[in-house]
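Hi everyone, thanks for making time this morning.

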Amino acid sequence: MDFYKQLSFTLLTFSVFLFVSGTGDELRYVGCFDVAHSVLSKLHKYFYGLDLNKCVNYCAALNTRQAGIHKSENFCYCGDGIDENSERKDDTLCNISCGQDKPGANRTCGGENVMSLYDNFPTLKPTMVDNNISFLLGTAPEGVRLYRSPDLHKYDTLMSTDTFNDFSSDEVDYHYAKNLGFALADGKIYKSTLTPNSNANSTGPTVIKDDFPIASFAVDWFHDTIYWASRDHSNYSVKSVDLDGGNATTLLKIQTSGTVQCMEVDPYERKLFWIRDRVIETADLSGKNVQSSISDDSEFVLTMTLDLERQQIYYISYHSRMLSSLIITDYNGLKLQQPINIADSTPSFSIGLFGGQLFLCSNGATEYTLFKMNPGNFTEKMFVKAFRVVVQHMKLVHPDLQKPPKSNNLKEIK
């Protein structure tokens with residue numbers, strides 16, 4: 001498990017259904033809470049001249065259930081439940097009047113180092129994801145899950161951690177035409193189907209392994225090939241095998257410094273990408289034309305995804321706990337626009353792109369949260385779903401994501 005995920009891993013035990021009614025409208029008071037880590041998701045925003053309506057409307061627009069207001073500091077907190085480590089305070093400590101609230105409501109908007117928390121659930125609309133996208137997640141401690149659109153309320157467990165004899169699934173990928181899902185766990189690759197009913201009658205996932213622990217992998221659905229990086233005593237080796245683990249070929253060797261992760265493949269341009277020591281590197285699928293430092297050495301790359309249609313790389317560069325940037329380059333590392341600061345950011349460990357929408361799975365203080373960002377407005381994140389498990393890796397699943405781009409000439413591997 002990545003060190004930065006270990007630092008922030010917290011098991012979640014419950015969602016909030018506590019409220020006190022009696023105000024006569026849809027907004028319900030939950031209680032007075034500390035502001036340190038109370039609301040799951042840790043979405044928050046500073047408002048000049050904050051009032052209750054601004055906070056509630058902001059949280060409702062994000063489709064989050066709770067709205068916490070700390071008026072004295074002009075901060076609004078949004079989320080889908082209360083962290084188990086939160087501390088409920090005496091209601092008298094939330095003693096700041098909301099001021100512009102409706103007459104006779106007598107509602108409070110926080111106090112010194114405390115916030116007033118309200119349940120906004122009746123005003124929420126079901127979360128919908130367009131285009132029938134599914135989300136393949138490698139999780140801890142629940143193994144591999146496939147969440148299906150449009151509402152993402154249901155999921156199938158494709159592989160459990162009992163299968164892996166390990167704590168988590170570190171990376172996932174799939175081959176849509178073959179109905180195959182793959183997971184990296186305990187230094188080995190596990191293969192199963194994307195259909196849970198098929199898994200139930202099988203003897204368990206097939207194991208594909210190397211002589212040394214595998215650090216990262218990617219599935220080439222066009223050439224029916226798996227690429228991976230494994231580390232021996234002196235080097236990382238990048239290898240290829242068929243979908244059953246046969247015909248192993250060593251393509252190249254790279255330095256052992258840092259950790260190789262987040263391998264991605266463009267089978268049509270015959271390019272392989274990976275992050276090593278928080279820098280993006282690339283090579284041809286033949287193992288030639290290795291290029292290091294696709295991203296700047298000064299950047300701290302957390303994750304990336306490819307736009308196969310435009311031959312572009314989207315990646316997240318991490319600056320601090322509260323600031324990350326979305327950066328878009330071509331395959332040679334040329335930046336195509338200025339870095340985009342992601343508002344109210346928490347570190348994003350997986351991203352995916354489909355139909356112009358960018359999906360980010362971020363690690364908040366106490367849970368992993370899926371957001372989407374729409375075309376032409378990559379500065380605003382829209383809340384989609386909170387996952388009550390640690391998400392190690394995410395892949396968007398859709399048949400169109402594994403179809404050749406319209407403009408591609410399908411080069412030969414040499």
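Let's start with Cys 361, which is buried at a relative accessible area of 2%; buried means under 20%, exposed means over 50%, and partly exposed lies in between, with a 1.4 Å probe and protein chains only. Cys 361 is one of the residues touched by Met 394, where a contact means heavy atoms within 4.5 Å. Met 394 also touches others, including Phe 135, Val 172, Ile 351 and Leu 370.

Before I go further, a word on what you are looking at: this is a predicted model, in which local features need pLDDT of at least 70 and side-chain atom pairs count only at pLDDT 80 or more, while totals for chains, interfaces and linings use all residues. Residues are numbered from 1 along each chain as its sequence is written, and side-chain values use heavy atoms, with hydrogens and water left out.

Now, which residues touch the most other members of the largest nonpolar core? They are Phe 135, Leu 358, Leu 370, Phe 387 and Met 394, in a core of 31 residues. By nonpolar core I mean a set of buried Ala, Val, Leu, Ile, Met, Phe, Trp, Tyr and Cys residues joined through side-chain atoms within 4.5 Å. Several strands each supply at least two residues of this core, among them S7 (134-140), S26 (357-363) and S29 (390-397). There is also a second, separate core of 30 residues, which includes Tyr 236, Leu 252, Val 265 and Leu 306.

Stepping back to the whole chain, we have four helices and 29 strands. These are DSSP runs numbered from the N terminus, with at least four residues of H or I for a helix and at least two of E for a strand. Of the 414 residues, 55% are buried.

Next, the open sheet of six strands, ordered S2-S4-S3-S6-S1-S5 with antiparallel pairing; two strands pair if DSSP finds at least two bridges between them.

How many disulfides does a search of the whole structure find? Four, counting a disulfide as a pair of cysteine sulfur atoms within 2.5 Å. In sequence order, the bonded cysteines pair as 1-6, 2-4, 3-5 and 7-8.

Cys 32 and Cys 94 have their sulfur atoms 2.1 Å apart. The torsion about their S-S bond is about 90 degrees, so this disulfide is right-handed. Cys 32 is in strand S1 and Cys 94 in the loop between S5 and S6, 62 residues apart.

Then look at helix H2. Cys 59 in H2 is bonded to Cys 78 in strand S4, so the pair ties together parts 19 residues apart in sequence. With -80 degrees about the S-S bond, that link is left-handed. The link of Cys 55 and Cys 76, at 80 degrees, is right-handed.

Last stop: is Lys 191 buried or exposed? Lys 191 is buried, at a relative accessible area of 11%. Its side chain makes a polar contact with the side chain of Asp 244 at 2.7 Å. A polar contact here is a pair of N or O atoms within 3.5 Å; within protein, one must be able to donate a hydrogen and the other to accept it, and residues adjacent in sequence count only if both atoms are side-chain atoms.

Key. Lists of a residue's contacts leave out its neighbours within four places in sequence.
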